[in-house]
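Subject: Structure handover

Hello,

Here is the structure I promised to pass on. Please open it first, then read my notes below.

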Amino acid sequence: QVLTLQENGIATKNEVHWQLKTSALAPIEKIGNPVNASFSAGSPRWVAARQVSTDGLACASETIQLPLEALQPLPISGTNALCEGLLQKYSATVFPNLDYQWMVSPADAGVIHTGQGTNEVEIFWPRAGDYTVQLSVCGQISTLPVTVWPSPAPAPTFPAGVCAGKNGLATGGGSFDSYRWKKEDGATISQTNSALLSPGIYALVVTDSRGCLGTAEFSISEY
């Protein structure tokens, strides 16, 4: 990997002399500020720098040496189980000037909504299944298994039609943690597993034990 190295606070009359342990071979020397150097994998790797005056006396400062460590796979933070149809954040430790490449496997299991190239992304999960979030930084790969739960599928029973001014009984069916019957305008009619409904357009919204939502829309005609 190519790194740009720069020493700050250098007097204008001085130059920077570098020693760079970039590979298994002997350290290389460079003069300048900044300088670029290509480092191979392995250990040890280090950089050392000192200021040298350019007034002919070649006075030198103390040499400062810093060890370099190869980046290890970065753990991915974020929920590993959620309902389908949701947008979820995933993140990793932030390091400046690094390219974070996020992927979802299989590729069509989720959509990276925002943040590609950064340490935090939002992923939209459109359908249920067992998938993997993958992050590549400096050739190091980390993964996070993700389970996406299916939305519940309510199947209400209701009369095809009722006479004007009358109500018909609609039932939610199934066994859900909560029920919410709604009118076409969004107003809630009932929060039990049944409701008395007049002619119109309705929606039944249910919640299962995992907190996932499911919706069924239907209409009742007027006789």
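Is Leu-87 buried, partly exposed or exposed? Leu-87 is partly exposed, with a relative accessible area of 40%. Please keep in mind that this is a predicted model.

Together with Val-111 and Phe-124, Leu-87 makes a nonpolar surface patch. The area of that patch is about 240 Å².

Side chains of opposite charge can pair when their charged atoms come close. The count here comes to 2 salt bridges. One of them joins Lys-89 to Glu-120, with 4.0 Å between the closest N and O atoms. Lys-89 lies in strand β8 and Glu-120 in strand β11, so the bridge ties together parts that are 31 residues apart in sequence. Lys-89 is partly exposed at 46% relative accessible area. Glu-120 is partly exposed as well, at 37%.

Another salt bridge pairs Arg-127 with Asp-108. Its closest N and O atoms are 3.3 Å apart. Both residues sit in loops: Arg-127 between β11 and β12 (129-137), Asp-108 between β9 (101-105) and β10 (111-114). They are 19 residues apart, and the pair links distant parts of the chain. What about their exposure? Arg-127 is partly exposed, with a relative accessible area of 34%. Asp-108 has 51% relative accessibility and the cut-off for exposed is over 50%, so Asp-108 counts as exposed.

Next, the aromatic rings. There are 6 aromatic pairs by the rule used. Tyr-90 and Trp-125 form one of them, and this pair is edge-to-face. The ring centres are 6.3 Å apart, with 80° between the planes. Tyr-90 belongs to strand β8 (residues 86-91) and Trp-125 to strand β11 (residues 120-125).

Trp-125 has 0% relative accessibility and counts as buried. Tyr-131 counts as buried too, at 9%.

Elsewhere, four aromatic residues form one cluster: Phe-158, Trp-181, Tyr-202 and Phe-218.

Last, the cysteines. How many disulfides does the structure hold? The structure holds 1. The disulfide joins Cys-83 to Cys-212, with an S to S distance of 2.0 Å. The torsion about the S-S bond is about -90°, so the disulfide is left-handed. Cys-83 is in strand β7 (residues 81-83). Cys-212 is in the loop between β19 (200-207) and β20 (213-222). This pair links distant parts of the chain, 129 residues apart. Cys-83 is buried, at 9% relative accessible area. Cys-212 is buried at 0%.

Two further cysteines are worth a look. Cys-138 counts as partly exposed, with 39% relative accessibility. Cys-163 is partly exposed, with a relative accessible area of 43%.

Best wishes

Technical notes
Residues numbered from 1 in each chain as written. Predicted model: local features only at pLDDT ≥ 70, side-chain atom pairs only at ≥ 80, totals over all residues. Heavy atoms only, no water. Disulfide = S-S within 2.5 Å. Helix = DSSP H or I, 4+ residues; strand = E, 2+ residues; numbered from the N terminus. Buried < 20%, exposed > 50% of the residue type's maximum accessible area, 1.4 Å probe, protein only. Phe/Tyr/Trp six-rings, centres within 6.5 Å; stacked < 30°, edge-to-face > 60°. Patch = residues over 30% accessible without salt bridge, like charges linked within 9 Å, V, L, I, M, F, W, Y side chains within 5 Å. Areas by Shrake-Rupley, 256 points an atom, 1.4 Å probe, with all protein chains shown as cover. Salt bridge = Lys/Arg side-chain N within 4 Å of Asp/Glu carboxyl O.
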